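Here are a few notes to read with the structure open beside you. Take them one at a time and find each spot as you go.

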Amino acid sequence: MSKTTVSAILVCLFLFISMGTFAQEVAIELGPDEIALNETFSIKVTIANDKIKSYDEFPEIAGFQKQGLSQSSSMNVINGQVSSTSSIIQYYKPTKKGVVNIGKFSIKINGTDYASPGKSVTVVDARAAQRQPNQSDPFSDIFGGTREEPEFIEIEDDAFFASSVDKEEIYVGEGFNVSLAFYMSETNQAPFQFYEPGKQLDAILKKMKPANAWEENFNITNIQPERVTFNGKNWIKYKVYEATFFPFSEGEITIPPISWEMIKYKVAKNPTFFGSNRLEDFKTFTSSSKTIKVKPLPPHPLRNEVSVGIFQLRENITEFEAQTGEGITYNFGITGQGNINSISPPQTKQIHLLNTFDPNVRQQVNRGNGKITGIKEFSYYLTINEPGTINLGDYFEWIYFNPALEKYDTLRPKAILNVTGESKVNQAISNQRLGGIYDLIDVENNELSNQRYKYYFSVFINLLLVGSVILLAVLITRRGNG
């Protein structure tokens, strides 16, 4: 092996060792052992020779309240070698005097857990503020100067959080749309960021959802900006929740005031190239309440059973020519806007002329543009027992309430079948199960037979009573003679 090769290997080994020396190092630094009520405690995480790409939530500490986060980075040049550090600091405000024990905890930084043993902190009475020692600035270290701690200021925002409903008065069973959104004007300069939207929504919906209504959730998974204009001003809308509710009963539904928390950053009054130029803080926005009046449906024998919405009939049949006794498929589809899940099958007239079986059901629900639309389709298998012209509108009907017209309406088929062949009525009657006999009530007159049976039954009872009396008298007479 030549001297040149050996030298190259040694150089590579030296570089490898040097790289290991400046490998990622993470340190967790806790604040002082004693602080005053008007001072802040901090947990600082510093990483050497790398950036903080990801980190977990800092621990909650009993007796302290989180105040915000700040991040900083620095670069050092020592003997021609460059090293860097990045830090993130969580600030805490004490809420009471006494000794606070901070137990063991760990924080995940860049995918790796780092532990801290914790410590005890004594909180004393408020005291006069003391000037913090100046921190070093990388440029100051190089050029021999110092800098003061940056001052952060809050920028006035032009934003609000609101709940919206598309209707203030509806009928029972009619849907109303609810949305929750955060709005910022296009001229807003204050920096915002969403803070745990999923966790906030879980708590909000437990209080907001009406108990006596069916919910169709639009399932917003990504909060996307949307440009809207109202009151002559342009806004950016961030919708966080949307659903349509269908109430089951009359009365009032109230959407309460809703609080929504956002991260609002304070910005450095004198920004610098190094260090943090903004400080994380929080602001809570509260929406106004909304009330929806739910009216009862107009009188109708089926008003507690009908669906409410704007619907049309979409029937599907491929064969209009049939033989008696043979089966055909007929699809009765209900499409439109409303609570698709609550749509019940159409009413059918079961007589010996036409037999129907329990339908197969298929439905599709669409959520978009603040509306619930879709289709529910009932697929019937029909057999016709008598030749002739069969108007399916005489055998199927579906009644609903149209809130736009404020009246009940009925959907009936328009399909007409031409049936040929021999009559199968007698065969159909003989093959019917017990339930089919009761279906014949519609075509049988039971008034006279009912009166006739009632008369015979009364005569029989009277004769039975007379016979009992005569028998009792005979028995008494014989006993007296004996």
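1. Let's start with a pair of facing residues: Phe105 has Ser116 in β8 as its bridge partner. Strand β7 covers residues 105-109 and β8 covers residues 112-116, and the two pair in the antiparallel sense over 5 bridges. Two strands count as paired if DSSP finds at least two bridges between them. Strands themselves are DSSP runs of E, at least two residues long, numbered from the N terminus.

2. Before going on, a word on what you're looking at: this is a predicted model, where local features need pLDDT of at least 70, side-chain atom pairs count only at pLDDT 80 or more, and totals for chains, interfaces and linings use all residues. Residues are numbered from 1 along each chain as its sequence is written, and side-chain values use heavy atoms, with hydrogens and water left out.

3. Stay with β7 and look at its two faces. Phe105, Ile107 and Ile109 make up the covered face, while Ser106 and Lys108 sit on the uncovered one. In a regular strand the side chains alternate between the two faces of the sheet. Now follow the chain into the turn: the hairpin of β7 and β8 has 2 residues between the strands, and Asn110 takes a positive phi near 55° there.

4. β2 pairs with β9 (residues 119-124) in the parallel sense over 3 bridges, and Ala36 has Val124 in β9 as its bridge partner.

5. How many of the residues of β17 are buried? In this strand (residues 233-247), 13 of 15 are, where buried means under 20% relative accessible area, exposed over 50%, and partly exposed in between (1.4 Å probe, protein chains only).

6. β17 is also worth a look for its partners. β13 (residues 176-185) runs antiparallel to β17 and is joined to it by 10 bridges, with Val178 opposite Ala243. β15 (residues 213-217) is antiparallel to β17 too, joined by 5 bridges, and here Trp214 stands opposite Phe246. Then there's β16 (residues 225-230), which pairs with β17 in the antiparallel sense over 6 bridges; Thr229 faces Asn234 in that pair. The hairpin of β16 and β17 has 2 residues between the strands, and Asn231 takes a positive phi near 55°.

7. Leu297 is in the one between β21 (290-295) and β22 (307-316), and it counts as buried at 7% relative accessibility. Leaving out residues up to four places away in sequence, Leu297 touches several residues, including Tyr171, Val172, Phe401 and Tyr408; a contact means heavy atoms within 4.5 Å. Leu297 and Glu406 are 109 residues apart in sequence, yet 8.8 Å apart in space, C-alpha to C-alpha.

8. Last stop: is Thr324 buried or exposed? It's buried, with a relative accessible area of 8%, and it lies in the loop between β23 (321-323) and β24 (327-338). Again not counting residues up to four places away in sequence, Thr324 touches a group of residues, among them Ile384, Pro387, Val419 and Lys424.

Note on methods. Helices (H or I, at least four residues) and strands (E, at least two) are DSSP runs, numbered from the N terminus.
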